[in-house]
Amino acid sequence: MTLTQSSKKTSGFSGKALILPISVFLVVAFSLGPIIWQFLTSIKTNDAIVAIPNVYFPSFDQLTISHYTELFARRPFLRYIFNSAFVAFTSTLLCLGFGAPAAYALARLRIPGQQLILTGVLIITLFPYILLFLGLLEIVKALGLGNNYLALIVPYTAINLPLTILVMRSFFQQLPKDLEDSAKIDGYGTVGMLWKIVLPMTLPALVTTGILTFIFSWNEFIFALTFITVEEMKTLPVAAAQLGGSSIFEIPYGTIAAATVLGTAPLVVLVLFFQRKIVQGLTAGAVKG
């Protein structure tokens, strides 16, 4: 082999070796860029925010926490966080509570018209939920559920339930049926077997599905904006969207950025806390697919 050919191979190898780290860096930068920008905006002074040219990395004298203190001083922001957490947590529990047994029945039992049921569930999953808005509005008005947490919890549960059923059914199908047969021999009924044996083995699927449901319920805006008008019952996305300055000509960029950071932080913490289970659930789902 000549020296020229050897150098070509070496240079080619070096170029290919750089593709992966550069690609990873670009993807990470693209994903984290808006988040980092929002965080920096939330801790910059107003002068630094409106400065021209832009201040990308503020100096020490351009840092402040006044946007966060102002956020809690002007509005009951802790109450908004509680409202979002309560609605999201309750709808997630209801989705898993109803979705897991339904998914198990579709995965293990022979139900008449099972394929038709699965087709209907899939169609509902693909249906844009925003098209249900006017119908839900009439139902909320007819039942007098305006300014009631149920006006959000029930729609969120109904919207996320089909996805929960499909995901959980896929995981139930992966479990060896011999385990369930052994449990029946040991005297477990269907409910006891599902609660004590099957569900613990599908914990990654429960966590993954639960987080997807929680994120949707936490971030949903249109229903929360329309069905809840009492200030003390508003959720975090609505409260953040309605932040205003001291006059109609002022846009509180720093305060809005602080609200965005506070609204995103719980989701980031939740995903980081359950990241191992999420990876296990996604990996198992990919293997099944």
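The lining of the largest pocket is made of 12 nonpolar residues, two polar ones and no charged ones. In this classification Ala, Val, Leu, Ile, Met, Phe, Trp, Tyr, Cys and Pro are nonpolar, Asp, Glu, Lys and Arg are charged, and the others, Gly among them, are polar.

Residues are numbered from 1 along each chain as its sequence is written, and side-chain values use heavy atoms, with hydrogens and water left out. The pLDDT is the predictor's confidence in each residue, on a scale from 0 to 100. Its mean over the protein is 82, and 88% of the residues reach 70 or more.

Let us take the fold next. The protein has 14 helices and zero strands, where helices (H or I, at least four residues) and strands (E, at least two) are DSSP runs numbered from the N terminus. Where pLDDT is low, the predicted coordinates should not be read in detail. Buried residues account for 35% of the 289 residues in the protein; buried means under 20% relative accessible area, exposed over 50%, and partly exposed in between, with a 1.4 Å probe and protein chains only.

The largest pocket has a volume of about 340 Å³, and of its 14 lining residues, Thr92, Gly210, Ile211, Leu270 and Phe274 are the closest to its centre. Helices H4, H10 (203-219) and H13 (253-273) each supply at least two lining residues, and H10 gives the largest share, with six. For the method, a 1 Å grid is laid over the protein atoms alone, and a pocket is an open set of points with protein on both sides within 12 Å along at least five of seven lines, whereas a cavity is a set of points where a 1.4 Å probe fits but cannot get out; lining residues have an atom within 4 Å of a point. Grid points are joined across faces, edges and corners, and the volume is the space filled by probe spheres set on the points.

Charged contacts come next. Side chains of opposite charge can pair when their charged atoms come close. A salt bridge here is a side-chain nitrogen of Lys or Arg within 4 Å of a carboxyl oxygen of Asp or Glu, and by this rule there are two. In one of them, Arg75 meets Glu231 with the closest N and O atoms 3.0 Å apart. That pair links distant parts of the chain, 156 residues apart: Arg75 sits in the loop between helix H3 (66-74) and helix H4 (77-108), and Glu231 in the loop between H11 and helix H12 (236-241). Arg75 is buried at 18% relative accessible area, Lys234 is buried at 8%, and Glu231 is partly exposed at 28%.

Now for the aromatic rings. Rings of Phe, Tyr and Trp (its six-membered ring) pair if their centres lie within 6.5 Å, and planes under 30 degrees apart count as stacked, over 60 as edge-to-face and the rest as tilted. The count comes to 13 aromatic pairs. Tyr104 and Phe172 form an edge-to-face pair, 5.5 Å centre to centre with 85 degrees between the planes. Tyr104 belongs to helix H4 and Phe172 to helix H7 (residues 150-174), 68 residues apart. Tyr104 is buried at 6%, and Phe172 is buried at 0%. Tyr156 and Phe216 are another edge-to-face pair, at 5.8 Å and 85 degrees. Tyr156 lies in H7 and Phe216 in H10, so this pair ties together parts 60 residues apart in sequence. Ring pairs also link Tyr129, Phe133, Tyr156, Phe216, Phe223 and Phe227 into a cluster.

Finally, two backbone details. Most residues other than glycine have a negative phi, and most peptide bonds are trans. The peptide bond from Ile52 to Pro53 is cis, with omega near 0 degrees, and Pro53 lies in the loop between helix H2 (46-49) and H3. Asn147, in the loop between helix H6 (133-143) and H7, has a positive phi, near 55 degrees.

Definitions and conventions. This is a predicted model: local features need pLDDT of at least 70, side-chain atom pairs count only at pLDDT 80 or more; totals for chains, interfaces and linings use all residues.
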